[in-house]
Amino acid sequence: MLISQTIQPRRTLLVLALGVILSACGKSSSEQTPAAGGMPAMPVTAQTVTAETVPVQTEVVAQTEGAKQIEVRPRVGGIVLKRLYQEGEPVKAGQDMFLIDPMPFQLQVEQARALIAQQKARIEQTAREAQRLKGLLETKSISQREYDNAVSDNSVAAATLLQYQAQLREAELNLSYTHVKAPESGIAGRFVLSEGALASANTTLLSTIVQVSPIWVRFSLSESDLLTLGGHLTPGRVQDVKLILGDNSEYPQSGKINFSASQIDPALGTQQLRAEFQNPDRALLPGQFVRVRLVTGKRDGVFLIPQTAVLTGQQGKFIFVAEKDKEGKTVAAVRPIVAGGWFNDRWIVLDGLKAGDQVIVDNLIKVRPGAPVAPHAADAAPAAAPAAKS
């Protein structure tokens, strides 16, 4: 009897507890039911696109080099007595740059002049002898052979004089070579040796001269770059060549292509090219790394969209656009595109868009295909999300 009376109150408490739990669950379920009308539209920035015309161009890294790079070497050997130019400064063609010890060559000039003077005296002597023998020949006092030998001696002496005169010109030329002159105008380099060093004729490098106006810019284009520009490049196909400096500023003068390789480098898969730019103020120096922008034409009917709007998936590049669904609501839709490279800081879209499309450019991580969106322009405040119904 005591056991049955104890169990009865426990059953009553259990029934009451189950009732409270079921009541609470029913209330929670009713409170968590979503309000009629679905999820609110997400505010997104959208750009309305229009067809545009853009140049067909590409940019590549390049390096400058002197149009002429000349090595200065002495044409005679000897001791370098003095440097006659300022290192790193412009020099003009024909300007003295170095002085080789001229004394040995001055002696050669004096020796050649002495030989000439001696030979002139010899010519006068043989001429007098030939004239004297001529009178004797007329009186039959000598043989014809003796007279002919005298005339030959005079002719040999005259020929020897010509040889000595040639030696004098050579000696004078070598003496002039002791003043090593600049073969071309340009910027002179440093003196490789030092004063007092021994230089060998036509061998020892003394300095260099670089011509910087015009200046050349050497670069290469990959096969993908060539496809962007329409194939193998020739100077006639390039409409404009611009130079972009290290601070992203544009060099004021346009250039021109003065060399394009006739074949693709099999080792690198690139085409080698070279452009020429006028450089009157020496703003460009050989060895600088710059960028070259080549323009080969223009492309009509393309669309420009921000870089952030273009996404990449397994099937290629795509974007989100805001468009109306069957119920007339504005939703996000996936649109595959064909991109044609960059123009400045925007993507060029060749296919996949039409004029008037609204391209979504932000909140792309949250956007889902078919999700409602509230597009607004970049300079307009986003519309407030509608409040949920109670």
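**Entry 1: Asp357**

I started with Asp357, which touches Gln47, Thr48, Val49 and Arg335, leaving aside residues up to four places away in sequence; contact here means heavy atoms within 4.5 Å. A note for myself: this is a predicted model, where local features need pLDDT of at least 70, side-chain atom pairs count only at pLDDT 80 or more, and totals for chains, interfaces and linings use all residues. Residues are numbered from 1 along each chain as its sequence is written, and side-chain values use heavy atoms, with hydrogens and water left out.

I placed Asp357 in the loop between β18 and β19 (358–360). Helices (H or I, at least four residues) and strands (E, at least two) are DSSP runs, numbered from the N terminus. Is Asp357 buried or exposed? Asp357 has a relative accessible area of 9%, so I wrote it down as buried (buried is under 20%, exposed over 50%, partly exposed in between, with a 1.4 Å probe and protein chains only).

Next I looked at its polar partners. The side chains of Asp357 and Arg335 are joined by a polar contact of 2.9 Å. That term stands for a pair of N or O atoms within 3.5 Å; within protein, one must be able to donate a hydrogen and the other to accept it, and residues adjacent in sequence count only if both atoms are side-chain atoms. I also found a polar atom of the Asp357 side chain 3.0 Å from the backbone nitrogen of Lys354.

**Entry 2: strand β18**

I picked out two residue pairs: Leu304 stands opposite Ile348 in β18, and Val338 has Asp351 of β18 as its bridge partner. The hairpin of β17 and β18 has 2 residues between the strands, and there I saw Asn344 with a positive phi near 60°.

**Entry 3: Thr139**

I then turned to Thr139, in the loop between α2 (103–138) and α3 (144–177). Thr139 counts as exposed because its relative accessibility is 53%. Its side chain makes a polar contact of 2.8 Å with the side chain of Ser141. A polar atom of the Thr139 side chain also lies 2.9 Å from the backbone oxygen of Leu136.

**Entry 4: Ile79**

Last, I checked Ile79, which lies in strand β3 (residues 78–83). At 33% relative accessibility, Ile79 is partly exposed.

Conventions:
Two strands pair if DSSP finds at least two bridges between them.
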